[in-house]
Amino acid sequence: GHAGKFELKTNLVLPSTDTDFIFAAESWLDSGADQHRLRGAVMASDELTAKLTKKVDDYLREKAKGFYSESLTELVLQPAMRDGRIAFDFVSEGKLGDPEVDILTPFGNLSDLIDQGKETIKNLKDVGKSLLKGLFGK
């Protein structure tokens, strides 16, 4: 490559308060060309996982009425669980200053997901964006 291009050879884990960001090997950024492509996952901490689980549980309790059970909550969250924590994959690419961030969930692309998760998602996206800015920001 040329000066300014940086590629990860192995997975990189960046812990923060509520979440761990895991950047996959072969993610790269190029400050010279102002381009990047990062793939990875955001893993919620045990506390955040518990909070999100409770939110989903409350939501299902209210909406699913007679069908509600704790195993329903587990069933709904199961595809998003990794090692007992909620995790989402993400891809960020394009200009470093204005990344296109997509969060991929087992339920489809986050941008298409509905009201319930919107706030949490927005917060995750903001955290992701500010993290990227902080890491590679100019």
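**Briefing**

T73 counts as buried, because its relative accessibility is 4%, where buried means under 20% relative accessible area, exposed over 50% and partly exposed in between, computed with a 1.4 Å probe on protein chains only. The model is a predicted one, in which local features need pLDDT of at least 70 and side-chain atom pairs count only at pLDDT 80 or more, while totals for chains, interfaces and linings use all residues. Residues are numbered from 1 along each chain as its sequence is written, and side-chain values use heavy atoms, with hydrogens and water left out.

**Overall make-up**

- The protein chain holds three helices and nine strands, where helices (H or I, at least four residues) and strands (E, at least two) are DSSP runs numbered from the N terminus.
- Read from the N terminus on, the elements of the protein chain follow the order β-β-β-β-β-α-α-β-β-β-β-α.
- Of the 138 residues of the protein chain, 33% count as buried, and the accessible surface of the chain comes to about 8,600 Å², with 55% of that belonging to carbon and sulfur atoms; these areas come from the Shrake-Rupley method with a 1.4 Å probe, and for residues only the protein chains shown count as cover.
- Among contacts between residues at least 6 apart in sequence, 52% join residues at least 24 apart, a contact being defined as heavy atoms within 4.5 Å.

**Helices**

- T73 belongs to helix α2 (residues 70-77), and once its neighbours within four places in sequence are left aside, T73 is in contact with T53, V56, D57, L60 and Y68.
- Helix α1 (residues 46-63) has 18 residues and reaches 25 Å from its first C-alpha to its last, which is close to the 26 Å expected at 1.5 Å a residue, the expected span being 1.5 Å times one less than the number of residues.
- In α1 the buried residues are L48, T49, L52, D57 and L60.
- K65, which follows α1, has a positive phi, near 35 degrees.

**Aromatic rings**

- Two aromatic pairs are counted under the rule that rings of Phe, Tyr and Trp (its six-membered ring) pair if their centres lie within 6.5 Å, with planes under 30 degrees apart taken as stacked, over 60 as edge-to-face and the rest as tilted.
- F21 and F90 make an edge-to-face pair, with 6.4 Å from centre to centre and 70 degrees between the planes.
- Because F21 lies in strand β3 (residues 19-23) and F90 in strand β7 (residues 85-94), this pair ties together parts that are 69 residues apart in sequence, and both F21 and F90 are buried.
- The rings of F23 and F90 have centres 5.7 Å apart and planes at 90 degrees, so this pair is edge-to-face.
- F23 counts as buried at 3% relative accessibility, and F90 is buried with a relative accessible area of 6%.
- F21, F23 and F90 form one aromatic cluster.
- Elsewhere, K5 lies over the face of W28, at 4.4 Å from the ring centre; a charge sits over a ring if NZ of Lys or CZ of Arg is within 6 Å of the ring centre and within 35 degrees of the ring normal.

**Strand β3 and its partner β2**

- Strand β2 (residues 12-15) pairs with β3 in the antiparallel sense over four bridges, two strands being paired if DSSP finds at least two bridges between them.
- A hairpin through three residues joins β2 to β3, and the bridge partner of L12 in β3 is F23.
- I22, which has its place in strand β3, is 10 residues from L12 in sequence and 5.6 Å from L12 in space, C-alpha to C-alpha.
- Apart from its neighbours within four places in sequence, I22 is in contact with N11, L12, V13, R39, G40, A41, M43 and F90.

**Strand β7 and its partners**

- Seven of the 10 residues of β7 are buried, so β7 is largely enclosed by the rest of the structure.
- Strand β5 (residues 35-44) and β7 run antiparallel and are joined by eight bridges, and the bridge partner of G40 in β7 is F90.
- Strand β6 (residues 81-82) and β7 also run antiparallel, joined by two bridges, and R82 stands opposite R85 in β7.
- β6 and β7 form a hairpin with two residues between them, and D83 in the turn has a positive phi of about 50 degrees.
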